[in-house]
Amino acid sequence: MGSGLFDELRLALHAVWTRRWIALAVAWGICLIGWLVVSQIPNQYESHARVFVQLRNILPTQNGATQADQTKAVDRIRQTLTSAVNLEKVVRGTDIAQTVSSDRDVADRIAGLQKAIKITSTQDNLFEISATIANAGASDAANAKLARQIVQKLIDIFVEDNLSNNRDETSQSLAFLDNQLAARQRQLQDAEAKRAEFQAKFLGSLPGTGTLDDRMSQARTQLAQIDSDLAAAQSSLAAVNGQMAGTSPTVAGGGAAGGAGPARARLQAIQGQIAEGRGRGWTDNHPDMIALRNQLAAATAAARGEPVGGGDGGSPNPLYLSLKSMQADKASQVAALQERRNQISRDLNAFDAKVAQSPGAAAQQAAIDRDYQVLKSQYDQLLADREQTQLRNQVQTQTDAVKFNVVDPPTSPRAPTAPNRPLFLTGVLILGLCGGIGAAWAMSQMRTTFATSSRLEKASGMPILGSIGETVSAAQIALRRRRLRLFAGGAGALAAAWALLLGLEFFQRGMVA
């Protein structure tokens, strides 16, 4: 098995060697064509830079604004950086301007730049700007310089747009908010005038705030509360009047023969305690008041059987005087409550009469209040937005809210990024050699010759009795050596051409650097 494979390999090498001139010619043809194609591929030079954007939150975020919102704003500028307007600035501000003479040329250059420029985000606030230039009509040094100019111009536009656009947008926002505030202020003044007119006509005498239904409900609630307080005050006044009816205005005073007995003295003391308790606000159901009334009943019975001492004088009863004071206080409370009740009743009656004359007053008042509240909330919100925008405008004017830091400046490419010409040149050489060997082997398969007697015997099926070796003369040997030297020279020339092309490529790269 191994011997057969080795024999096949020897036969293939022999077939190629016998047709080596064909292999060399095909190799030269493939290499020349391939190297010509590789030489026509323009070199691509890429310049790139990295920019870090630092966001400064001088003011606290409002209305749900967060750091992510500011990052989105910067990302929006990054995405619009390659717009047609900005790319036209790049065309006008770099060496590309020397190659344009009409608007059509500018449009063509912009279309090419849109494909050549790439902007990628590497982190949240760090992104890379790169430009790849492959202009076949310019030198490599010019292409490398142009790539760097494009990246530098993009950075300048990026910074300029962020600073100027933010301030322009703020000024436009302020102007818009001022116009809206003026319009809302006029509408709010009209709504306030309607509201004041309606209140003067319908709601001036009613207590409380709010709509018609709310004020009527509040008035009826106050009326019910006053009725309850009035009933309690009248009950207290009646109780005081009853106690005064059973209390003597005066008490017997001491005469010449003696004074009041102990029973009457005790009665007076109990009456004084009852008056003091009422002064504290105790009711008749209070446990101490119940005990004092029981004691008062017993003391009254005892005082009736006690003879009155001599003397024809008397003194004011302290209990009666206290009850008299309480009576005056309760009477004033009842009078005030009755007056308040009568006033609210008159207001409600007058209001009912007005509503009867204007059945749609409630709906009108609801619409006026609704419009007023809507306009008021809009005006307050616009005013707050205007103040916040004004403050941010001052911050942007006096400070740098967004700071740009060029981490890596635009690079000056020293070698083309594409194509990998040394690799392509070597690949073409290998392809040419393989193509030449393949062509020579294919030619050997097309001719019915046999390199060995065993191969002839296998192909014919007949035994081979013997073979005759080739006899070469001295002249033929010299001719073969001369042809071998020519073949070696042709193969060496192919390798030398490959080495020369590699040398030229590295020399051109050195010229760019």
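Leaving aside neighbours within four places in sequence, Leu 154 is in contact (heavy atoms within 4.5 Å) with Leu 81, Val 90, Ile 117 and Ile 129. The structure is a predicted model, in which local features need pLDDT of at least 70 and side-chain atom pairs count only at pLDDT 80 or more, while totals for chains, interfaces and linings use all residues. Residues are numbered from 1 along each chain as its sequence is written, and side-chain values use heavy atoms, with hydrogens and water left out.

Leu 154 is also one of the residues that touch the most other members of the largest nonpolar core, which has 26 residues; Leu 113 and Ile 150 are among the others. Such a core is a set of buried Ala, Val, Leu, Ile, Met, Phe, Trp, Tyr and Cys residues joined through side-chain atoms within 4.5 Å, where buried means under 20% relative accessible area with a 1.4 Å probe, protein chains only. Helix H6 (140–203) is among the elements that each supply at least two residues of this core, and H6 gives the most, with 8 residues. Helices (H or I, at least four residues) are DSSP runs, numbered from the N terminus.

In helix H4 (residues 84–93), the buried residues are Asn 86, Leu 87, Val 90 and Val 91. Seen down the axis of H4, these residues fall within an arc of 150° (taken from the directions from the axis to the C-beta atoms), so they line one face of the helix.

H4 packs with H5 at an angle of about 110°, their axes being 9 Å apart; axes are lines fitted to C-alpha atoms over the stretch in contact, and angles run from 0 to 180 degrees between N-to-C directions. This makes H4 roughly perpendicular to H5, a description that covers angles of 65 to 115 degrees. Among the residues making the contact are Leu 87, Val 90 and Val 91 of H4, together with Ile 110 and Leu 113 of H5.

| Residue | Location | Relative accessible area |
|---|---|---|
| Leu 113 | helix H5 (residues 103–116) | 4% |
| Thr 94 | loop between H4 and H5 | 9% |

Not counting residues up to four places away in sequence, Leu 113 touches Leu 87, Val 90, Val 91, Ile 96 and Ile 150. Thr 94, with its neighbours within four places left aside, is in contact with Leu 146, Gln 149, Ile 150 and Lys 153.

Terms used
Buried < 20%, exposed > 50% of the residue type's maximum accessible area, 1.4 Å probe, protein only. Parallel < 35°, antiparallel > 145°, perpendicular 65-115°, else oblique.
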